Amino acid sequence: MDGDWGDYLEWIGFGGRPEIDFATLAQLQRLHMTAVPFENLSITRGVHLPTDAASSVDKIVHRGRGGWCFELNGAFGALLEAIGFKVTLLGAAVLLDGPSTTIDHLTLEVLADQPYLVDVGFGESFIQPLALNRSGPQDGGNGTYELIGSPQGTTLTRHVDGLPKPEYRFKRVALELDDFTAISDSMQVDPDRPWRSKPFATRLLDGGPDRVTVRRDALKIVRDGHLDERALDGDEWLHELRNWFGFEYIPER
């Protein structure tokens with residue numbers, strides 16, 4: 001592939017010719033989640049983030065940064081479409097803090113041999129495609145997940161202690177990136193949401209499920225199923241941010 005799309009594949013470490021199949025899709029998801037962090041550093045600096053794919057691709061490929069769901073899934077969806085996958089943008093209501101009907105997350109339906117749920121912008125969630133038309137538990141690469149249907153939509157759940165814990169609910173209705181602009185703008189300035197005040201960056205290590213997460217007050221590393229977490233004092237987190245992500249963080253303007 002030429003231009004930005006070839007540069008994008010090179011940036012995430014994909015070699016060869018991509019095929020329109022599950023194996024390629026799964027590889028691309030893991031590579032993306034390793035090379036491109038889920039992070040909110042621009043938001044905590046007061047830098048406004050647009051939702052158009054061109055801006056997100058530029059930020060990832062040419063500036064070596066990550067982003068949040070509207071950027072990461074927007075850019076990754078555009079990459080998959082350029083490769084030849086059929087991609088549908090889906091709106092989801094995040095349920096991590098309890099019931100909600102607010103569409104505040106962008107996720108992807110991607111058609112390969114069958115339709116899959118794919119997400120590179122939801123942090124510590126599934127790291128390989130989940131079959132959308134399948135019932136029962138599925139391997140998400142870092143745990144067991146299940147898609148549970150209801151009249152309100154399909155709920156992505158992760159099994160915790162044998163029970164499905166809701167992560168987000170979505171309807172398989174096609175949306176456009178512009179449909180997410182209003183909620184994106186609102187979330188970037190809402191003082192009651194953590195995006196504006198709690199900087200973080202997280203990514204997979206070597207394709208996962210190992211992961212590193214840096215917050216202002218802690219460094220968390222998961223390797224071989226073992227969690228190593230330690231507190232960070234003062235500006236120590238800035239050193240860890242440079243060490244694990246190569247980012248220089250500029251304080252809020």
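Guide: What follows concerns the packing of helix 4 against helix 5. The model is predicted, so local features need pLDDT of at least 70 and side-chain atom pairs count only at pLDDT 80 or more, while totals for chains, interfaces and linings use all residues. Residues are numbered from 1 along each chain as its sequence is written, and side-chain values use heavy atoms, with hydrogens and water left out.

Helices are DSSP runs of H or I with at least four residues, numbered from the N terminus. The axes of helix 4 (residues 53-62) and helix 5 come within 8 Å and cross at roughly 95°; axes are lines fitted to C-alpha atoms over the stretch in contact, with angles from 0 to 180 degrees between N-to-C directions. The two helices are therefore roughly perpendicular, a term covering 65 to 115 degrees. Helix 4 contributes A53, S56, V57, K59 and I60 to the contact, and helix 5 contributes F70, E71, L72, G74, A75 and A78, where contact means heavy atoms within 4.5 Å. By class, these residues comprise seven nonpolar, two polar and two charged; Ala, Val, Leu, Ile, Met, Phe, Trp, Tyr, Cys and Pro count as nonpolar, Asp, Glu, Lys and Arg as charged, and the others, Gly among them, as polar.

E71 belongs to helix 5, which spans residues 69-83. Because its relative accessibility is 3%, E71 counts as buried, that is, under 20% relative accessible area with a 1.4 Å probe and protein chains only. Leaving aside residues up to four places away in sequence, E71 touches L49, P50, S56, K59 and G66.

Terms used: Buried < 20%, exposed > 50% of the residue type's maximum accessible area, 1.4 Å probe, protein only. Parallel < 35°, antiparallel > 145°, perpendicular 65-115°, else oblique.
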